Amino acid sequence: MVNTMNDEMIVEVRNLTKKFGPANAKSVAVDNISFSIKEGEIVGFLGPNGAGKTTTIQMLLGLVIPTSGTIDIFHKSLFQHREEILSEMNFSSTYTHLPWRLSVFENLYVVALLYSVKNARDKVAEVIKKMNLEEIKDETIDKLSSGWITRVNLARTFLNNPRLILLDEPTASLDPEGADEIRKKILEYRKREKATILWTSHNMAEVEEVCDRVIFLHKGKIIAEDTPRGLAKTIKFCRVSFIIEEKQDEFLRIIAQNKWKAIVSDKFITIELVEEDIPLLIQILAEEEISYSEISIDKPTLEDFFISTARKK
Amino acid sequence: MNKILNYSAVKAIVMRHLFEWRRNLDRVVDTFWWSTIDIIFWGLTSSYIKQNNPQIPNIVTLFLGGIILWTFVQNSQRDINMPLLNDAWNRNLVNLFSTPIRLRDFIAGTLVLGLIKLSMSFVFLSVVAFLLYQFNIFYLGYFLILAMVNLILVGWWVGFIISGLILRFSYRVEAFAWSLVFAIYPFSAIFYPVDILPGWAQAVAKVLPTSYIFESMRSIIFDGTFSWGNIIISFILNLIYLTLSILFLKKMFRESLRTGRLVKLN
């Protein structure tokens, strides 16, 4: 990964809390969270549904007023300098739509005006070219596939050359090829402009690939914060998978004796065990003359961390 | 950044809805269709009444003048509410209010947009009324400008109240965008004088700026004169209601940010 970071904190969130509902029955969506983001950093914002990710992003965009806490962006209070700060930020979400009766060009032109972009038409033409949208620029949004719409949404995000971008599941509706293309465009922009990105996604492989650091939220609280690799490493178990066609029962008996967990599906057997036990497992297979045709070892991933943390809590 | 208005954002609102307007049959119908139907219907009705009651003077002028002037109230109110609803229906409110736009820029954009559309519908209706019934709205002279200003202001403050209610109660009250303004219709004395209303209804009419304008319109049609006092009372009432409605809308917008309703409208 290209190092585009410096140590300057451009997002500083302190003791942020958001409660919804009537005074006597308030539900806590975000519960006293604090975090910072360095300039040029890509931070993954993870958590199960209802963890408080979207509410936090909405507060960072000034769309929801916090119950308590402070948000400083570019060293200024968001509540006192909202317009100034938002003019240097942008946001893209799979869950918000562009006006569907407007053409791609018209949509981007309106957004450029909203951000007071100078020479708006020229800037829109430039972004359309960079994002390879020329062939659909006169099409209305309702005629586009979800892949094209995501690209247009992303093009919208680059119009004001933002220093900070908030991305809410930017590749959620895309096939793997389309998602890969979008990730490349975002990373290109980050490298070129040294932009800072806060990225929410349920695609853990994507987060591992693009994020420098991950903040994990659960029930409104930050419960973990580290690099993707660092979080994955907190999971001690790894998985070893085999194809075993003979002596399956004997093999499973040994697994049970060692108190390892096995998942069996026909001739496919997956064993969950701590990494240090793998040599022992292989040794037992050799001693008992249990033959296997294939073996694969999967180290813990961010997804394992996600699932295990969400279940534990 | 702390300019009174962000003109680029105002232009964005105007352009966004004009781009949509030309592709959206619903909005074109809103601008021209219903008012045209009213003109045809009331023009024919008043022509028929005139044929059978020649002793009633200027009945066609009364009805058509009333219809065209009421259009200012109805259309200016709707043009305030439609941009907000349209962006909510398009799930575009989050995109919109996550930009540096402020509520005042959004309101200014809707006002400019409303005036553009109102000008189009006014010219169109005036031509239709003239072609079908040889009715010339400009016969009302400079009173027409005073009436237009006051009636547009009525549409605006009613529109701001409705937008505030939509931000407060969400889609449950979206029907207000088409219906609430008609709550003042019977008390505005568009086709009949305030005097014929029952006492309690007269009391309501007295606090509505519209009744003073339509009373003045009738004075011009029947006597060729009008009272400046009526125009001034109407204008003062409008200023009071406009101020209160803007404060209400600001409060409801702030509340919608606090409760998260703006995002939920999306």
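1. Take the contacts in chain A between residues at least 6 apart in sequence: 71% of them join residues at least 24 apart. A contact here means that the C-beta atoms of two residues, placed from the backbone, lie within 7 Å.

2. A quick word on what you're looking at. This is a predicted model, where local features need pLDDT of at least 70 and side-chain atom pairs count only at pLDDT 80 or more, while totals for chains, interfaces and linings use all residues. Residues are numbered from 1 along each chain as its sequence is written, and chains are lettered from A and ligands numbered from 1 in the order in which they are written.

3. Now the overall picture of chain A. You'll find 11 helices and 14 strands in it; these are DSSP runs numbered from the N terminus, with helices (H or I) of at least four residues and strands (E) of at least two. The C-alpha trace of chain A spans about 75 × 50 × 40 Å along its principal axes. Of the 313 residues in chain A, 37% are buried. Buried means 20 or more other C-beta atoms within 10 Å of a residue's own, exposed means 12 or fewer, and partly exposed is in between, with C-beta atoms placed from the backbone.

4. Have a look at helix H5 of chain A, residues 146–158. H5(A) has 13 residues and reaches 19 Å from its first C-alpha to its last, close to the 18 Å expected at 1.5 Å a residue (the expected span is 1.5 Å times one less than the number of residues). Because 10 of its 13 residues are buried, H5(A) is largely enclosed by the rest of the structure. Among those buried residues are A:Ile149, A:Leu154 and A:Phe158. And what covers them? The cover includes strand S6 (89–93), H3, helix H4 (120–130), strand S7 (164–168) and helix H6 (176–193) of chain A.

5. The axes of helix H3 (residues 104–114) and H5 of chain A come within 9 Å and cross at roughly 25 degrees. That makes H3(A) roughly parallel to H5(A), since angles under 35 degrees count as roughly parallel, over 145 as roughly antiparallel, 65 to 115 as roughly perpendicular and the rest as oblique. On the H3(A) side, A:Val104, A:Asn107, A:Leu108 and A:Val111 meet A:Val152, A:Ala155 and A:Arg156 in H5(A). By class, this contact has 5 nonpolar, 1 polar and 1 charged residues. For sorting, Ala, Val, Leu, Ile, Met, Phe, Trp, Tyr, Cys and Pro count as nonpolar, Asp, Glu, Lys and Arg as charged, and the others, Gly among them, as polar.

6. H3(A) turns up again where the chains touch. The contact takes 25 residues from chain A and 30 residues from chain B. On the side of chain A that touches chain B, H3(A) gives the largest share, 5 residues. By class, that side has 16 nonpolar, 5 polar and 4 charged residues.

7. A:Glu169 has a positive phi of about 45 degrees although it isn't a glycine. A:Glu169 sits in the loop between S7 and H6 of chain A. In chain B, phi of B:Ser170 is near 65 degrees, again positive in a residue other than glycine. B:Ser170 lies in the loop between helix H6 (143–169) and helix H7 (176–179) of chain B.

Conventions. Axes fitted to C-alpha atoms, helices over the stretch in contact; angles between N-to-C directions.
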